[in-house]
Amino acid sequence: MDFPQIPILKATRTTAFLLLLSMQVYGQKVVRYNLYVKDTTVNFTGTPKRAIAVNGQIPMPTLTFTEGDTAEIYVHNELNEETSLHWHGLFLPNKYDGVPNLTQMPIKPHTTHLYRFPIIQHGTHWYHSHTELQEQIGMYGSMILNKKKEPAIPTVPIVLSEWTDMNPKNVHRMLHNASDWFAIKKGATQSYSEAVGHGYFKTKVGNEWKRMTAMDVSDVYYDRFLINGKNESQLSQFKPGDQVRLRISNGGASTYFWLTYAGGKMTVVANDGNDVEPVEVDRLIIAVSETYDVIITIPATTAGSPPVSYEFLATSEDRTKSASLYLGEGVRQLASPLPRLKYFEGMKMMNGMMKMNGDLDDMGMNMSLNQMDMNVVMYPEITEALKSKKKRTGKAMDMGDMKMDDLEKADGNQHAGHNMYNSNAMSSITTLNYAMLKSPVSTSLAKDAPVKELRFVLTGNMNRYVWSLDNKVISECDKILIKKGENVRMVIYNNSMMRHPMHLHGHDFRVLNGHGANAPMKNIIDIMPMETDTLEFAATESGDWFFHCHILYHMMSGMGAVFSYENSPANPEIPNPRLAQRKLFADDREFHFMAENDIATNGNDGEAMLQNTRWSIGSEWRLGYNDHHGYEVETHLGRYIGKMQWLMPFIGFDWRYRKMEMDEVETNLFGQRNTKDQRSVFSAGVNYVLPMLVTAQAEIFTDGNLRFQLERMDIPVSRRLRMNLMVNTDKEYMAALRYIFTRYVGATAHYDSDMGFGVGLTLNY
Amino acid sequence: MLLLLSTVLAYADIKNVTTEQVKIAGSCAQCKEGIETAAFEKNISRAIWDKETKVATISYDTKKTSLDAILKKIALAGYDNKRYLAPDNAYAKLGECCRYERIGKNDLAVQKEMTGHDHNTASKESEEKVISADPDPLKPVLDAYYEVKDALVSSDGNAAAAKATNLVKALKAVKMDELGSDQHMVWMKVMKDLNFDAEHIEETKDLGHQRDHFSSLSENMYKLIKSAKPTQPIYYQHCPMAKEGKGANWLSQVSAIKNPYYGAQMLNCGKTTKTLK
């Protein structure tokens, strides 16, 4: 194998030693691992960066157990910060589930924590840190639970992940401040000039009219994608004709991966650690934190011809980059790279689905189980043939161009309604979806148990990066109480613009997908926008179990809830539940800071803001270089209201000083005298985001003055050029153009009614 | 000398330069352009490929890239080399003149052909056998028709035109005296129209136009074929949406629906209305 295996060997040796010891004591096999969590420096891109390694490696070592073993895992925290480890997909006692401040207290720096639990299942699983953003910088690894008798076929554990040179805390902060730096890096700005160039001007206007910014399938730009910690690697031990079982876990923090194989079709044999009836596909998308077992075949060659190795390709969903694993030896047969996304087609699709109030409208398509993928409009490999045909046939009925209002008419027509986004019907490429998964055994729940039905709506707000369940973040919602012995049925509808991989700790749920008693068992379900999925599980445990979106930055923003068994015994790992809860809630209550300052020839202006899920404290300043230009600082404290957070009432304080000429008097549009020359007043007002993303602001000051203002910031003119416009009833107006050089530096040219024309250097954080 | 000078000048802008000679598959001037474009990155790498020797002289900045990375790019553009084999669809996208013979891929390619188009090979084999045993005079016509249909399924106007040429030939080659009496009657009625539609498909690369003719071609083919018992099952299939809602039919050698009127857009639209066997 190409990836580091020395620590695994070492661990096995320890295991063997302990095994002898424990055999006599317990009469059962105890498998012990020691995990040393330590700061390290990695270099994926040419720049050394901080990461966290366990036993000196990224990904963390593969932990292997056999059903019936007892796992004893000692975690030695050698970091200068807290940590934790969660055993993803495992059935275990609640106190060993590894969620800090929920099932245990965080593992303090330079202490050791023991996780000890029986292995009562088999399958491909994985483990990762559940503390803050540590998963992003190396804390993920495979966890393979073997059956007592595994089929004799070579097996390779595979962990997919991604790397960014940015500090993940900074990534998180930038996401919350609606920075479009990641879009610039991806080439996905979707600016007006690009829209015009591709003939999508109307689409772009429609998009902004519905108060949406550039659309994308993922939020973060990554520098590298990794298979077992490497961008490219080869497993040359395999020979032509060999079958290999890949046990794949997606340990990426926020990346879905397309999996394709150059040597032909792949056979999916298990999902989330549970066997499924084998199904042959050309490709599949693996959601964040899902696992799949896939059997691939190295094609046989005829005698005499040179050996060939075949590429197993993992491409990020945004298709910016990929990672490759070559199976076999010899010249490398490449898989077809996935062509870039057609973002404006996606934007057009979103426009059609988005109602003016920010809700999504599925046009009665009853979407579920990834069968219809709206994103298909962006996949050239599926829809390119359509495009070229459009030009030739002209008037022939054209689904791609069909207006959304026409769809309902066409809905009676089976062909249109069903095939429109069904990539398997539209092309000869077979893509896996959840409806194709079938358990080989009956997974029915006890018929006589009481049923508790829970309904969730996945909600979110891309502009402010708020992600929630039923418009409540973790700290805002009560625990969801369930009783041992009942069957819990969950109906989940995604009313947000992004897909979400929802994960339930400590339980597998049945995904009701039309296979009746043979519904597949999973612990992650990816729910695309507008999809509704129905899941059910038997409540057999006790304690508190986390249910959350597994996109790390969505979870940290508060997208989750806690399932709590009624009358559970107190968890000995949580000595002070109130303190633990406060610490748990701190994650999504966190304030994010942003600041911007333009040092221009005519003055110095900028703003700074602290914001969290609901609150915003912001200050704007304009500082001239002389008394005539004046100085002003406006500070607002506001609270965002409603699901879309378009409304924000606020209170403020306004301080200005400007020296005016004698007899010079300024009045506003209402004829009120202005007191700009020297004033400090309190105010109350309200912000509202209008279509086209224009912020309307009405403000009344304690001196009786009224002000009404319209402002539009960051109009994407071209890939790196942004325009700001502002006008208000104090007869002030402003227009600015900003060119973005780097993440933190830009150049601005602006005209301001108070300070005149100026050019300057903009610094933003 | 001049060549040497120009080469020196060309490399002047690449720093830390290393030059290596690598054999790269290709066959014509179009390949040369494709290979050199794929290998080119300003101030970092460039290649000069010789059509005769098939050897590329690749120069690159060793600090910025590697031979491996360049060869991968060349393979992704469709050209096999010693480290990488091109993805099949990248090779398929190469121009006609550039379809070099794939070494090391041959066995594979043949294998794929067998599995991918087994009906073609199978029918060709049976054709040979059939001729000696029980000659079906319309067999070549039907096979040529299927090839046109398959080209339309993949929305490939060029291929449809090319396959239609074969169809026209096959229609001309039919020996009327070998037809049964019923079939002979039908043949006399539809022969002209069959020729007319086949020639029109041959003459254009416009898919819309081809599909219009394919629809009437299919009607007449059906009339012709159903007048005698076919040697292999034939599926008469219908898509209600074709021709702007008027609907259209086609014949297929397989029961699964692959719609020739919409191609990828609505590949599975339609149903089998009759099975002839």
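Modeller: In chain B of this predicted model, α8(B) passes α9(B) in a left-handed crossing (the near helix is turned anticlockwise from the far one by less than a right angle; clockwise would be right-handed). Helices (H or I, at least four residues) and strands (E, at least two) are DSSP runs, numbered from the N terminus. Residues are numbered from 1 along each chain as its sequence is written, with chains lettered from A and ligands numbered from 1 in the order in which they are written. Local features need pLDDT of at least 70 and side-chain atom pairs pLDDT 80 or more, while totals for chains, interfaces and linings use all residues.

Helix α8 of chain B spans residues 157–173 and helix α9 of chain B residues 181–203; their axes come within 7 Å and cross at roughly 150° (axes are lines fitted to C-alpha atoms over the stretch in contact, and angles run from 0 to 180 degrees between N-to-C directions). The two helices are therefore roughly antiparallel to each other (an angle over 145 degrees). On the α8(B) side the contact involves B:A160, B:A161, B:A164, B:T165, B:L167, B:V168 and B:L171; α9(B) contributes B:L194, B:N195, B:A198, B:E199, B:I201 and B:E202. Contact here requires C-beta atoms, placed from the backbone, within 7 Å. By class, this contact has nine nonpolar, two polar and two charged residues (Ala, Val, Leu, Ile, Met, Phe, Trp, Tyr, Cys and Pro are nonpolar; Asp, Glu, Lys and Arg are charged; the others, Gly among them, are polar).

Another helix pair of chain B is α7 (residues 139–153) with α10 (residues 207–226), packed at an angle of about 150° with axes 12 Å apart. That makes α7(B) roughly antiparallel to α10(B), and α7(B) passes α10(B) in a left-handed crossing. From α7(B), the contact takes B:L142, B:Y145, B:V148 and B:L152; from α10(B), B:Q210, B:R211, B:F214, B:M221 and B:I225. Its classes are seven nonpolar, one polar and one charged.

As context, chain B holds 10 helices and seven strands. Of its 277 residues, 35% count as buried (20 or more other C-beta atoms within 10 Å of the residue's own). Among contacts in chain B with a separation of 6 or more, 58% join residues 24 or more positions apart.

Conventions:
Angles under 35 degrees count as roughly parallel, over 145 as roughly antiparallel, 65 to 115 as roughly perpendicular and the rest as oblique. Two residues are in contact if their C-beta atoms, placed from the backbone, lie within 7 Å. A residue is buried if 20 or more other C-beta atoms lie within 10 Å of its own, exposed if 12 or fewer, and partly exposed in between; C-beta atoms are placed from the backbone.
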